[in-house]
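Please look through the model shown here before reading the points. They are meant for someone who has not seen this structure before.

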Amino acid sequence: MPNATRFFVNNCTIFLFLLAWTLLGPAHLAAADEGPAKSVAVMPFEMHAPSSMAYLQDGLRDMLASRLAANGGAVIIEHGRVESLLQEPGKPLQQKDAVELARQLGADYIVTGSLTSLGGSMSLDARVIASDESFEPLNFYAAAAQENEVISAINQLSWDIAAKILGAVAPAARAPAKAAPSSAPAAEDDAMAAFKTEHPDKVYKNKIPAQATGLVSPIITPREGGAMQGFTKTQNLDFMLRGMDVGDIDGDGQFDLVMADRQKVSVYHLQNNRLVEFGSVEMPARSKIHVVSLGDLDNNGRAEIYISAADDYNPHSWAYEWDSSRLDMVLEDIPWYIRVLDIPGEGPVLAGQRGGQDSLVLAGIFRLMKNGSKVLPEERIAMPDYVNIFEFVLADVTGDGAKEIVAINRADRLYVVRPNGSVLWVSDEFYGGTSRYIGEAYEQVERVGIDVNSAPSSDVIGREDSGKRLYIPSRMIVMDVNGDGRDDVIVNKNLSVASRHVENYKRYKTSEIYAMTWNGIALSEIWQTKKIDGYIPDFQFLPLPGQGNRAKLFVGLVLSTGWTSSFTGGESTILMYDIELAGEKEAQEGTNN
């Protein structure tokens, strides 16, 4: 069947299912317990998805409303009446506005929803807000691995809401059936195939069979038993993410997340893929956040939160640490740009760089030593003057026992250079890409074109822009991904053509993450994710303690609802990938063969 025909048929099938389910919902499903019926207003769904899926918007709303009526006995407020009271249709509804709307409608609850398309998979998020302000809003989530599973996902979402809010009891038939065993070889999991770009060495050996020896296993493999579904995600949060990190903030031995927008830092426990906030701190107006990083530099079992922030011209940075019930200030308004830097063979240290009157950053990156709530500079880290504190990682990618600098320059080229300035490689491809910056506000900056087609050579490293604004790329991660004993690098790529042709115009709608290894002359891909719909300002990749070669990739994602979202703010979420790295298992298999 031609692709266009298949696409049309699939869309029509889903639409008809939605219509049928909405109108004919099964009468035998369990309803809510006897009692006064609750009135519910369901908002139009927000669509973080390609325009080809826009047809689902009304159907999802109608189906969720009809299921809440059938499953929970809710009285649904007429959609037209709801829309007549919306002051700004299409704009996300804030909690205080939702409470006011509920009172105007005489509704007990307002339900907002969104559909997010992420690399072929989809998630459905719903938030329930009551007219009673003492009621804590509740978040609900369901996932669909592919488009034809949206119907069952919306049904699951409706039952979760009906059970929690309306007292409904779901039928036993709702429990998912286990897949029947098959004697045939299992097909590769489509979601996991996002990571299955072949290792360059394997591709090379396949081209020259006579030289291929031994068993080349996948660099990343799914969990046994099919538990791996590509990714999980948290609920959507109503702010535009600027930076994030993952670590043990409260000392309980579990991963916590820190997330920051422009002025606020919040810390979260991760509970069944839900973010549960347990602390936050607001920055002073002049401290606009651009980077957050975690590090237990005092070795007390709790990671400190280092917040690099600045006004339009100078750094004003801070640090906080969890103290049983709150975040206590550790560093106060220090005049340094800061980050936690991992030094091979040593571990994490606090690094800093000063700002200047004539330049946003001054040459020289230093180790910093705490001195009360301030810092003192120690020795300068060996580094070319053109590298700034946010652009690089230190790694032994060549395997020669010496540290190299892997960095992203201001033209979004990835490069490798030695501390003495000797350039080993500069990429042809663009990497990184970011909308976060230090320097002057958008209205003050004149747009100036840049030559993105300049030859990828050492003369583009450290290239100056207008001097008014310096863009801060996402972190890079150093880890031995392919089990060869050498450092590899994980880096993101936010995709945009216009953003690399016009200076200070930064709009990214899709993104990818790559793992890179040194092949003798350059960094080349080990694996890459499929395209992710949204902009990645930051991510983290950490081994799972006590779980062998397993690791978890945390991706901070700003969801896009169109070009205006870059100006009006947006919603953010965290994607999580459970990954099994190559290493002992593959090495043992190679020995046995």
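1. The model is predicted.

2. Four strands form an open sheet in the order β9-β10-β11-β12, and their pairing is antiparallel. The edge positions are held by β9 (243-247) and β12 (274-282). Each of these two has a single partner strand, so one of its sides has no neighbour in the sheet. Averaged over the sheet, and with direction ignored, neighbouring strands are turned by 20° against each other.

3. Strands of a sheet pair through backbone hydrogen bonds, either parallel or antiparallel. For β9 and β10 (residues 256-260), the pairing is antiparallel and runs over five bridges. Which residue of β10 stands opposite aspartate 245? The residue is valine 258.

4. Rolling a probe the size of a water molecule over the atoms shows where empty space is left. In this structure there are five cavities of 30 Å³ or more. The second largest cavity has a volume of about 80 Å³.

5. What lines the second largest cavity? Its lining consists of 13 residues, and those nearest its centre are Lys288, Ala310, Tyr437, Ile438 and Gly439. Two strands, β13 (288-295) and β25 (437-439), each contribute at least two residues to this lining.

Note on methods
Residues numbered from 1 in each chain as written. Predicted model: local features only at pLDDT ≥ 70, side-chain atom pairs only at ≥ 80, totals over all residues. Heavy atoms only, no water. 1 Å grid on protein atoms, 1.4 Å probe; cavity = no way out; pocket = protein on both sides within 12 Å on 5 of 7 lines; lining within 4 Å. Points joined across faces, edges and corners; volume = space filled by probe spheres on them. Pairing = 2+ DSSP bridges. Axes fitted to C-alpha atoms, helices over the stretch in contact; angles between N-to-C directions.
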